[in-house]
Amino acid sequence: MNTLSQDLYHFLVHYIGDRPDQRITFAEYMDWVLYHPQFGYYNNPTDSIGMEGDFFTSPHLGTDFAELLADCFWQMWQQLDRPDSFDLIELGAGQGLIAQDVLNYVNHRYPSFFTALNYHILEQSQSFLKRQRNYLYPWQTAGKLSWLTWDDLQPNSLVGCLFSNEFFDALPVHRLCWHQGQWQEIYVTVNAVHPDSAFQEIRDRPSDPRLAEYFDWVGIDVHRQNYSDRYCTEVNLKALASMERIAQSLKRGFILTLDYGYPASQYYHPQREQGTLQCYYHHRRHDDPYAYLGEQDITAHVDMTALERTGQEAGLETCLLTQQGLFLMALGLGDRLSQNNQHSQGSVMETLQRRESLHQLINPLGLGGFYVLVQGKEAKLDLPMPDPIQMV
């Protein structure tokens, strides 16, 4: 272990040992190892995200992704009748790449929209927050960018769009296992039997009654699924709380979510018996969340049915549910690909690299297969899209 890993290990050992039952839920464990203010993965001072890190996201492939999103935000502004003030709130902005590219593009392409635009970032990671403030300082001094906290999101206060790219998948999840016709939750305790392994899992009744109620709510009859006693899965209660909060803050406008996930019918299919939890360390994917403490990403796919229904219960209407590849093509990625091939002003290598990046954004087996969910409150989004994916 490096120093940070050892510090996080000792913190968790003492923290768990001080609990009356000497255990915590996996959700709490995941929250600590990702978001501990000093030792958590997302507060690691090293660059963990990007081509040289543990994983990369769509904005790391160039400016096209953010610029296409900016075209979408411009259309949202148009369809809200061009309000004098349009709040654009990004949840979990990471290194600030999308913010930089969106603001730069809108400033040059849509001057009237830029005048109305107020970009805000809601960031939990103190490490990323520091980097964002340095990287985006010119926009802050120009009065176009500010940072918010969750407490700043007051009910019915925003006109514009709240959006996220790979935000919900990074929230801590509860892990459940099916045993003899009922759910048991996975808890984490200190491993006193095998000292070469820091932690061990134990199973007991669910810590929160909402976990057992969750499946009926998303339309899954667990007693008709024929789950085996090997079946384990995840439930993300924090994602629902976050979606409810941002939906309530919206007075008029949109919520745009881009993330990898499944509808509930696929997420909780009996054949997916090991769930979707996965870890990333130096671009290597594995399934051990107890390795590389504070040095690896831990993530789970998003239940898109749950996000959609949470929004509906908070007064949102689903405007669009599709995949990222189709969404970006509707926003003009195909035109960019054609122009790059025919009129590139860079070197041959730059042309080929950009073409590869554009293809990665729409690859249905990769980033292009991510889900895009657009929900609106007193607002419609009119994009030339194919029929939305039906989630049954």
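**Note on the predicted model**

1. The second largest pocket has a volume of about 300 Å³. The coordinates come from a predicted model. Residues lining this pocket include Arg-210, Glu-213, Tyr-214 and Trp-217. Leu-237, Leu-240, Ala-241 and Glu-244 also belong to the lining, as do Thr-310, Glu-313 and Ala-314.

2. Strand E5 covers residues 158–165. Eight of its eight residues are buried, so E5 is largely enclosed by the rest of the structure. The cut-off behind that word is under 20% relative accessible area.

3. Which strands does E5 pair with? E5 is joined to strand E2 (residues 86–91) by five bridges, and to strand E10 (residues 250–259) by eight bridges. E2 and E5 run parallel. E5 and E10 run parallel too. Leu-91 stands opposite Ser-164 in E5. Val-159 stands opposite Arg-252 in E10.

4. The largest nonpolar core has 68 residues. Those with the most contacts inside this core are Tyr-29, Phe-168, Phe-199, Phe-215 and Tyr-268. In soluble globular proteins, nonpolar side chains tend to be buried together.

5. What does Phe-199 touch, leaving out residues up to four places away in sequence? Its contacts include Tyr-9, Leu-12, Ile-16 and Tyr-29. Val-188, Thr-189, Val-190 and Asn-191 are also touched by Phe-199. Tyr-290 and Leu-293 complete the list. Tyr-29, one of these partners, is itself among the residues with the most contacts inside the largest core.

6. Now the three-stranded sheet. The sheet is open, with strand order E13-E12-E14 and antiparallel pairing. Why is one side of E13 and of E14 left without a neighbour in the sheet? E13 (284–286) and E14 (297–299) stand at the edges, each with a single partner strand, so one side of each has no neighbour there. On average, neighbouring strands of this sheet are turned by 25° against each other, direction ignored.

7. Strand E12 (residues 278–281) and E13 run antiparallel, joined by three bridges. Tyr-281 has Arg-284 in E13 as its bridge partner.

Notes:
Residues numbered from 1 in each chain as written. Predicted model: local features only at pLDDT ≥ 70, side-chain atom pairs only at ≥ 80, totals over all residues. Heavy atoms only, no water. Core = buried A, V, L, I, M, F, W, Y, C linked by side-chain atoms within 4.5 Å. Buried < 20%, exposed > 50% of the residue type's maximum accessible area, 1.4 Å probe, protein only. Contact = heavy atoms within 4.5 Å. Pairing = 2+ DSSP bridges. Helix = DSSP H or I, 4+ residues; strand = E, 2+ residues; numbered from the N terminus. Axes fitted to C-alpha atoms, helices over the stretch in contact; angles between N-to-C directions. 1 Å grid on protein atoms, 1.4 Å probe; cavity = no way out; pocket = protein on both sides within 12 Å on 5 of 7 lines; lining within 4 Å. Points joined across faces, edges and corners; volume = space filled by probe spheres on them.
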